[in-house]
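Q: I'm new to this one, could you walk me through it? Here it is.
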Amino acid sequence: MVAIYSLYIINKSGGLIFYKDYGSSGRMDTNDSLRVASLWHSMHAISQQLSPVSGCSGIELLQADTFDLHCFQSLTGTKFFVVCEPGTQHMEDLLKYIYELYTDYVLKNPFYEMEMPIRCELFDINLTQAIQKDRVALLGR
Amino acid sequence: MIGAGKIKQYSNVLDKPLSKGKQEVSLSAFAFLFSELVQYNQTQVDNIAELERRLEDAGYAVGARVLELLCHRDKGNRRETRLLGILSFVHSTVWKVLFGKVADSLEKGTEHEDEYMISEKELLVNRFISIPKDMGTFNCGAFVAGIVRGVLDGAGFPAVVTAHFVPIEGQQRPRTTILIKFAEEVFPGVYDVCSVGAKKRSKVRLSLR
């Protein structure tokens, strides 16, 4: 049983800078993942405009029959979102933690160029650990 | 190293005592500053060896100043004149002041009499840095190597100091080894002082506190 299907990070202009999928279900090819990323970016922006409440920060959770999509947007406009099994808990915390890893291992890395795809070994290692830990925690419940 | 929040204000910097106190700076602030240092130097060079050299030079200036400060503060204006003395000074005193901990190990090179190695499982400057594949064996520890060279040079032990990644078995991340190769003029001179049974030891782990 896999709780998290995939993880996306998109930059402030809607370009996909990181994509990873976990487990076989919901696997997508590169073109599809790019499409999802830019689609989500636009939908997020539109939802902000359409919201009847002023100061809306965009969609945080999208619930569908077969998946949940949790989204976290940082102050600088970088969006992190996970696609996971319906009803998976504590995804906000996981996204916040992934954001922390991003600020540490991506932004403090002198060889990373802003807004470009993320290729940082340390980020990958720590992310894998975080997801695994989360999975263990989920199974333990 | 940067003085954090002293209570009393001194009009003249020379009146300020050099006491230790708790002088820590934010790791994030340092990481961003170091990252900028590397990025700036990257724009000034066209090959990796040059970048390594520039980082080392930046470290050298730090090392020279650290030696001056620590000799004055901890040793009553005396500095180490013995080889093992200065090495353990770097390994423990300098490391503790700069990185908040003693270095993981200090070893003598197995093949050459004039080589010593300081190893660190995770060097503070490399904590957040992933080297891209196309940069090969480049190590930002060159900055720390420069610091070590600065200290040794200032103390009268000129050496060539380099930083290398050394893979460890069963670990994803390699450790960083600072290799110190002393200049020829150093070795015959200090050889007598530290050569008690030098022939016998092929690999000697220096006993340090």
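Q: To start with, how many cavities of 30 Å³ or more does the structure hold?
A: Bearing in mind that this is a predicted model, the structure holds one cavity of 30 Å³ or more.

Q: And what volume does the largest cavity have?
A: The volume of the largest cavity comes to about 50 Å³.

Q: Which residues line the largest cavity?
A: From chain A the lining takes Lys108(A) and Pro110(A), and from chain B it takes Leu27(B), Phe30(B), Ala31(B), Phe34(B), Ser35(B), Leu124(B), Val125(B), Arg127(B), Phe128(B) and Ile129(B). Sorted by class, that lining has nine nonpolar residues, one polar residue and two charged residues.

Q: Switching topic, where is Leu122(A) found?
A: Leu122(A) is in helix α3 of chain A, which covers residues 121-140.

Q: Is Leu122(A) buried or exposed?
A: Leu122(A) counts as buried, because its relative accessibility is 5% and the cut-off for buried is under 20%.

Q: What about the strands, how does β1 of chain A join β2 of chain A?
A: Strand β1(A), residues 4-10, runs antiparallel to strand β2(A), residues 16-21, and five bridges join the two. One of the residues with a bridge partner is Ile10(A), whose partner in β2(A) is Leu16(A).

Q: Which residue in that hairpin takes a positive phi?
A: That is Gly14(A), with a phi near 95°, in a hairpin that has five residues between its strands.

Conventions
Residues numbered from 1 in each chain as written. Chains lettered and ligands numbered in written order. Predicted model: local features only at pLDDT ≥ 70, side-chain atom pairs only at ≥ 80, totals over all residues. Heavy atoms only, no water. 1 Å grid on protein atoms, 1.4 Å probe; cavity = no way out; pocket = protein on both sides within 12 Å on 5 of 7 lines; lining within 4 Å. Points joined across faces, edges and corners; volume = space filled by probe spheres on them. Nonpolar A, V, L, I, M, F, W, Y, C, P; charged D, E, K, R; others polar. Helix = DSSP H or I, 4+ residues; strand = E, 2+ residues; numbered from the N terminus. Buried < 20%, exposed > 50% of the residue type's maximum accessible area, 1.4 Å probe, protein only. Pairing = 2+ DSSP bridges.
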